[in-house]
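Student: I would like to learn how to read side-chain features in a model, going slowly from one kind of feature to the next. Could we work through an example together?

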Amino acid sequence: MSVLHEHAAVEALSGLSRFRDGFYDCLDARADALFELADAAICTDGPVTSLAQLSLAPVFRRGHGALYDALADGAVDEDRLRELLAGQLPADVPLMFGIDATTYPRPNAECSPDRGLHYAPCRCDGDRKVVPGWQFQWVMGLEWGTSSWTLPVDARRLPEGTCPVTATAGQIRDLAGRLSRQQEPAGRPAPLFILDQGYAAAALTHALDGLEVQLLVRIAGDRVFYDGRPGPRRPGPGRNGVHGQRFELASGADLRPANQLLVVPDTSRYGRVEVRAWHGMHQKVQRTGYFARLEAELFTRLPVIEGTIIEVRVERLPDGRSPHRTMWLWHSGPHAPDLDVCWRAYLRRFDMEHTFKLMKSQLGWTAARVRHPEQAVRWTWLLIAAYVQLRLARGLAADLRRPWERRPRPGRPLTPYRVRRSFRHLRDQLGTPARLPKTTHPGPGRPPGGKNTQAPRHRLGSELRKTDAHKKAAGEKKG
C-alpha cells in the first residue's frame with residue numbers, strides 16, 4: 001500500500017471512529033444496549049429475521065431482555081443525530097436528496113396503536129396494494145454517479161391524519177436549516193429535492209415559498225396547466241379567463257414551442273435524449289387537502305403557483321425496449337433549471353430502492369415485531385446509524401466474496417451487502433464505546449396474587465374515521 005493510500009485509510013478509519021463516538025453520545029438512555037444492538041445488526045452473518053436473533057450475536061454482550069428493554073425504555077436524541085448525519089454530507093459537490101415514504105408493516109398487530117392502511121408493493125391475498133402498519137418518510141442524500149449507496153439524513157413516522165404536504169415541507173425546511181448553519185462553499189447551488197409522482201407538486205412549492213431550495217417532482221402525463229397569459233376576450237356576458245391559455249401535457253406539448261431545449265445525441269443507456277421546458281406554468285388548485293386547510297387558516301383566495309414543466313423523451317430504455325410514455329417533471333426554485341442536471345438527477349432517485357431493500361431484507365428493519373410506534377422509531381434510527389457506518393467503511397472493507405460472485409468493477413466501491421460481510425473485522429480494530437454489562441441476579445418474579453392483563457386492542461385509523469363519520473351522520477339525522 002502506498003503512503004498516500006495508507007494516509008487515506010487512516011483518515012477513513014478515524015472518521016468512522018468519530019462517527020461511532022458521536023452516535024453513542026446521541027443515545028440518552030440505555031445507550032450501551034442500543035449501541036451494541038446497532039452493531040449486532042451489521043456484524044451478523046446473513047439477513048436479520050428477528051430481534052431475539054441479534055441477542056445471540058457476539059458483539060451484543062447482554063441478554064435478550066436487555067435488548068427489548070432498550071427499545072422499550074431507551075432514548076435517542078433525534079435532533080443531535082440529525083446534525084451528526086448532516087455533517088457526513090460532502091462539502092465540495094452540489095447536494096441533492098431523494099424523499100420517499102415506505103411502510104413498516106404490522107398487519108396482525110391489533111395491540112399496536114396508530115396503525116393505518118398504507119401502500120405496499122406486493123400483497124399476496126388478492127389485488128390489494130395496502131397493508132396495515134406505520135408509514136415512515138425518509139430523506140436520503142444521493143450521489144451523482146451510478147451507485148447503490150445513499151446517505152440517510154432523516155426519517156420520520158407520519159402519524160395517522162398527518163397532512164403529507166405539511167410533513168414533507170417540514171422535513172425539507174428542517175434539513176435546509178441544518179445545511180445553512182454549516183459552512184457552505186461559495187457558489188454552490190441550492191439543494192435539490194427529488195420526489196416521485198405521489199407528491200403534490202404545486203402544494204409543496206407553496207409550502208416551501210421563500211426557502212432557498214430546488215424542487216423536482218414527477219407528475220402524471222394527463223395533467224392540465226395554464227401559462228398565466230390572458231386569453232382572447234370572451235364574447236358575451238361572463239368573466240374572461242384569468243388562468244391563461246390551456247396547456248394539456250397529453251396533447252399540447254408538440255403544439256407549443258418550448259422555452260428551453262436540450263438534446264443529448266447519444267447516451268450509453270438511453271440513446272438520444274430530448275429535454276424541453278416551459279416556464280411560468282401553473283395548475284388550477286382545488287379546495288381539498290392542503291389548500292382546504294390553507295384557506296381555512298388564512299381566509300384568503302386560492303393562490304396561483306408557478307413553476308417549470310419539463311418533458312423528457314428517450315430513444316430506448318436500458319433493457320432495449322421502447323418507452324411507452326413520456327416522463328414529465330415539475331421544477332421550482334430560486335433560478336431556472338439546468339435541464340441536463342434535472343433529467344439525470346431524477347434517475348438517481350431510484351438509488352433509494354437499494355437502501356430500502358437492504359434495510360428490509362438484510363438489516364431486518366421490518367423484521368422487528370415491536371408493539372409501539374415509538375419502539376419502531378428507535379429501531380429505525382439505530383439502523384440508519386448502522387448503515388452510515390457501512391458507508392464510511394466502504395473504502396476500508398475487504399472483499400470477502402463467495403467463489404461464485406463477481407469481482408467489483410475497477411474504481412467502484414463495494415456494495416453495502418459486501419461491506420456488511422466484512423464489517424465485523426473492522427469493528428475489532430475500532431473497539432466500542434459501550435461499557436461492559438453489569439452483573440445481575442434473577443429478578444423476584446411476579447408478585448403474589450399478580451395476574452396478566454389483556455393488552456388493549458386498537459382499530460385501524462381508517463376504521464376509526466368511518467366510525468366517526470357514521471356517528472356524525474347519525475347525530476345529524478337525529479337532530
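Predicted model: local features only at pLDDT ≥ 70, side-chain atom pairs only at ≥ 80, totals over all residues.

Student: With which residues does Glu36 form a salt bridge?

Tutor: Side chains of opposite charge can pair when their charged atoms come close. The term salt bridge is used here for a side-chain nitrogen of Lys or Arg within 4 Å of a carboxyl oxygen of Asp or Glu. Glu36 meets Arg61 in such a bridge at 2.7 Å, N to O, and it forms another with Arg62, whose closest N and O atoms are 2.8 Å apart. Glu36 lies in helix α2 and Arg62 in the loop between α3 and α4, so this pair ties together parts that are 26 residues apart in sequence; helices (H or I, at least four residues) and strands (E, at least two) are DSSP runs, numbered from the N terminus. Arg61 is partly exposed at 31% relative accessibility, whereas Arg62, at 15%, counts as buried.

Student: How many salt bridges does the structure hold, and which residues are linked in a network?

Tutor: The structure holds 37 salt bridges, and a network of them links Glu78, Asp79, Arg82, Glu83, Asp154, Arg156, Asp174, Arg178 and Arg181. Within that list, Asp79 and Arg82 form a bridge with their closest N and O atoms 3.2 Å apart, and both lie in helix α5 (residues 78–86), three residues apart, about one turn of the helix. Asp79 is partly exposed at 46% relative accessibility, while Arg82 is buried at 6%.

Student: How should I read aromatic pairs, and how many does the count come to?

Tutor: A pair of aromatic rings is described by the distance of the centres and the angle of the planes. Rings of Phe, Tyr and Trp (its six-membered ring) pair if their centres lie within 6.5 Å, and planes under 30 degrees apart count as stacked, over 60 as edge-to-face and the rest as tilted. By this rule the count comes to 16 aromatic pairs. The rings of Tyr24 and Phe35 have centres 5.8 Å apart and planes at 80°, so they are edge-to-face. This pair links distant parts of the chain, with Tyr24 in helix α1 (residues 3–25) and Phe35 in helix α2 (residues 31–43), eleven residues apart. Tyr24 is buried at 15% relative accessible area, and Phe35 is buried at 0%.

Student: Which kind of pair do Phe247 and Trp278 form, and which charged end sits over the ring of Phe247?

Tutor: Phe247 and Trp278 form a tilted pair, 5.2 Å centre to centre with 45° between the planes. Phe247 lies in strand β10 (residues 246–248) and Trp278 in strand β12 (residues 271–281), so parts 31 residues apart in sequence are tied together. A charge sits over a ring if NZ of Lys or CZ of Arg is within 6 Å of the ring centre and within 35 degrees of the ring normal. The charged end of Arg256 sits over the ring of Phe247 in this way, 5.7 Å from its centre.

Terms used: Residues numbered from 1 in each chain as written. Heavy atoms only, no water. Buried < 20%, exposed > 50% of the residue type's maximum accessible area, 1.4 Å probe, protein only.
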